[in-house]
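Subject: Structure handover

Hello,

Here is the structure for you to look through. Please open it first, then read my notes below.

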Amino acid sequence: MNIEITNDGSPTLYVPELDEHYHSVKGAATESAHIFINMGLRHCTLNEVNILEIGFGTGLNAFLTLLDADTHKRRIRYTGLELYPLGEECLRQLDYPAQICPERSADYYRMHQTPWEEEAALTPFFSLRKVKTDFTQWLPDMRFQLVYFDAFAPEKQPAMWTPELFERLYQCLDEGGILTTYCAKGIVRRMLQGAGFTVERLPGPPNGKREILRATK
Ligand SMILES: C[S@@+](CC[C@H](N)C(=O)[O-])C[C@H]1O[C@@H](n2cnc3c(N)ncnc32)[C@H](O)[C@@H]1O
């Protein structure tokens, strides 16, 4: 896995076997903040939110969520699914907190040090449960109000983007629950609609991908 610097100065990982990046090369931190925080978390009006992330990866989305939860004093229970956890050395080299919020660096590394499968209260407003599992085989064990769908692209990992899996996500969301994703392809939109979601195409991040999707139950 190689580290590359994206257009907003934040790093991402490149996976040569898939010819795929973890984030948009136009700006990793900008993309995460736009799609998952601005269009997802801040669009949700609840004061207590259970979030499910498909593809925990570097924990960038979780870190931005932790910071937002503390700023706005909203209680977040975050479940992150990941089949291939990253090693500490890789995370230290990426060092997202240095760019995003150096004074909360300890929280970022604690997120990665907490044991898998256990819920850990990291701040008064944010708890994290990382689950080491294959999303395609995983069965939801609680209710959620928000899903960050951040799998590798459908053409790279089609098994993660199927009608059955979107139906499973629909079922574990409360009424009014939201799913956001960076991929606005017609085939993904139709799968989400087929599962029962109402789907909006929204502008992508500044200088980034053209459109993103927000699906509401
Ligand atoms: C596009 S990256 C997401 C990165 C992450 N959200 C972040 O901000 O760093 C996709 C992630 O999905 C994970 N993944 C791949 N196959 C998976 C599977 N079958 N089940 C769960 N996670 C998987 C990858 O290891 C990777 O971390």
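Helices (H or I, at least four residues) and strands (E, at least two) are DSSP runs, numbered from the N terminus. Two strands pair if DSSP finds at least two bridges between them.

The model is predicted: local features need pLDDT of at least 70, side-chain atom pairs count only at pLDDT 80 or more, and totals for chains, interfaces and linings use all residues. Residue numbers start from 1 along each chain as its sequence is written.

Three strands form an open sheet in the order 1-2-3, with antiparallel pairing. Strand 1 (2–5) and strand 3 (20–21) are the edge strands, so each pairs on one side only. Two bridges join strand 2 (residues 11–15) to strand 3, in the antiparallel sense. Tyr14 stands opposite His21 in strand 3.

**Strands 10 and 11**

Six bridges link strand 10 to strand 11 (residues 211–216), again antiparallel. Leu202 has Ile212 in strand 11 as its bridge partner.

**The ligand**

Which residues come nearest to the ligand? Of the 17 around it, they are Gly55, Gly57, Thr58, Leu83 and Phe135. Helix 2 (60–72) and strand 5 (75–82) each give two or more residues to this shell.

Best wishes

Methods:
Near = placed C-beta within 6 Å.
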